[in-house]
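User: I've got this one open and want to talk through the metal site and the fold. Can you take my questions as they come?
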Amino acid sequence: MRLTVLGASGTYPRPGGATNGFLLQERGINLVLKLGNGCLSNLLEEIDFTGIDAVVVTHMHIDHFGDLYPLFYALRFDPDEPWGMRLIMPGGGLELMGRILGEDSRAYLPLVFASEPIAAGRVYRVAEMELSFYPTDHPVEGYSVRLAGEGWTMAYSSDSSPCPGLEEAASGVDLFVCEATLPADYVEEASHGHLTSLQAGETAARAGARRLLLTHIWPAFDKQDILEEVREVFGGEVALAREGMVIQLGGGEDQT
Ligand SMILES: [Zn+2]
Ligand SMILES: [Zn+2]
């Protein structure tokens with residue numbers, strides 16, 4: 001499986017640094033895991049938007065779904081009407097998106113996107129890939145996701161304070177993509193729905209994740225400092241997610 005980082009900035013984009021999104025490709029199937037602000041442009045460097053098989057949004061915060069709006073318009077006005085794109089998201093997500101659209105556009109939302117509500121404990125399949133979701137500790141409904149394909153497993157934390165679901169999702173995975181929004185001494189701030197560097201590293205260590213990719217670092221903080229803090233508590237391979245980075249799971253070579 002080829003994982004491409006479309007964006008990794010926490011909360012708001014930086015120059016050349018879109019917010020959160022990943023493209024997973026296996027055997028011609030294209031799964032988009034979140035599409036934050038700036039991600040669609042990077043996605044289109046890889047594939048055409050009509051080639052997306054499914055989009056997963058783990059919670060309804062704009063830095064994780066903002067570019068669903070331009071994707072919606074691209075699909076809505078495409079002459080071939082490639083509608084009914086599979087969109088796995090928290091229940092009511094499409095209605096929430098519709099609130100800022102005019103009446104006409106709102107009517108097309110459920111035609112362009114075939115939305116499926118996330119339910120913890122249910123297994124979702126996108127071709128050969130299996131996805132399961134675990135509730136997070138965040139101000140809105142959200143889920144960590146565990147993904148498995150042929151010869152690989154990975155997990156993505158979504159946004160969350162430490163909670164049992166994070167560790168369950170990441171248990172023994174080949175790759176844990178985990179938010180590390182804040183430096184180690186921002187414990188109070190992190191308690192409102194995020195992880196510090198140390199909490200991210202400790203979660204990955206307890207879960208037995210083999211490899212750790214740090215994402216969603218608040219743009220104001222030094223990423224390298226956060227990486228060093230994580231290394232204090234996580235002994236496995238750890239790296240910072242960067243736009244355009246490619247990681248191969250289940251065979252193949254990484255490109256960074
Ligand atoms: Zn976020
Ligand atoms: Zn969030």
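User: Is D159 buried or exposed?
Analyst: D159 counts as buried, because its relative accessibility is 2%. Keep in mind that this is a predicted model.

User: Start with ligand 2. What coordinates the zinc ion (ligand 2)?
Analyst: H59 (NE2), H61 (ND1), H138 (NE2) and D159 (OD) coordinate the zinc ion (ligand 2). The distances are 2.2 to 2.4 Å.

User: What's the arrangement of the four donor atoms around the zinc ion (ligand 2)?
Analyst: Irregular, because the four donor atoms around the zinc ion (ligand 2) subtend angles of 89 to 164°. A tetrahedral label would need all angles between 85 and 135 degrees.

User: What spacing do the donors of the zinc ion (ligand 2) follow along the chain?
Analyst: The pattern for the zinc ion (ligand 2) is H-x1-H-x76-H-x20-D. H138 and D159 link distant parts of the chain, 21 residues apart. H138 is in the loop between β8 and β9. D159 is in the loop between β10 (152-156) and α6.

User: And H138, buried or exposed?
Analyst: Buried: H138 has 11% relative accessibility.

User: Now ligand 1. Which residues coordinate the zinc ion (ligand 1)?
Analyst: D63 (OD), H64 (NE2), D159 (OD) and H216 (NE2) coordinate the zinc ion (ligand 1), at 2.1 to 2.2 Å. Along the chain, the donors of the zinc ion (ligand 1) are spaced D-H-x94-D-x56-H.

User: Why is the arrangement around the zinc ion (ligand 1) irregular?
Analyst: Its four donor atoms subtend angles of 86 to 173°, so the arrangement around the zinc ion (ligand 1) is irregular.

User: What about D63 and H64? Buried or exposed?
Analyst: D63 is buried at 6% relative accessibility. H64 is buried too, with a relative accessible area of 0%.

User: Switching to aromatics. How many aromatic pairs does a search of the whole structure find?
Analyst: Ten aromatic pairs. One of them is F65 with Y69: the ring centres are 6.2 Å apart and the planes are at 45°, so the pair is tilted. F65 is buried at 3% relative accessibility. Y69 is buried as well, with a relative accessible area of 11%.

User: Give me another. What kind of pair do F133 and Y143 make?
Analyst: Edge-to-face, because the planes of F133 and Y143 are at 85°, with the ring centres 6.3 Å apart. F133 lies in strand β8 (residues 129-135) and Y143 in strand β9 (residues 143-149), so the pair ties together parts ten residues apart in sequence. F133 and Y143 are buried.

User: Which residues form an aromatic cluster?
Analyst: F72, Y73, F77 and F113 form one.

User: OK, the fold. What's the strand order in the open sheet of seven strands?
Analyst: The order is β6-β5-β4-β3-β2-β1-β14, with mixed pairing. β6 (113-117) and β14 (246-248) stand at the edges with a single partner strand each, so one side of each has no neighbour in the sheet. The twist averages 20° from one strand to the next.

User: How do β4 and β5 run?
Analyst: Strands β4 (residues 54-56) and β5 (residues 85-89) run parallel, joined by three bridges. V55 stands opposite L87 in β5. Helix α5 (residues 103-112) packs on the sheet and touches β5 and β6. The direction of α5 makes about 70° with that of β6.

User: What comes just after α8?
Analyst: G208, which takes a positive phi of about 75°.

Definitions and conventions:
Residues numbered from 1 in each chain as written. Chains lettered and ligands numbered in written order. Predicted model: local features only at pLDDT ≥ 70, side-chain atom pairs only at ≥ 80, totals over all residues. Heavy atoms only, no water. Helix = DSSP H or I, 4+ residues; strand = E, 2+ residues; numbered from the N terminus. Donors = N, O, S within 2.8 Å, 3.2 Å for Na, K, Ca; no water. Tetrahedral: all angles 85-135°; square planar, octahedral: opposite > 155°, others 65-115°. Buried < 20%, exposed > 50% of the residue type's maximum accessible area, 1.4 Å probe, protein only. Pairing = 2+ DSSP bridges. Axes fitted to C-alpha atoms, helices over the stretch in contact; angles between N-to-C directions. Contact = heavy atoms within 4.5 Å. Phe/Tyr/Trp six-rings, centres within 6.5 Å; stacked < 30°, edge-to-face > 60°.
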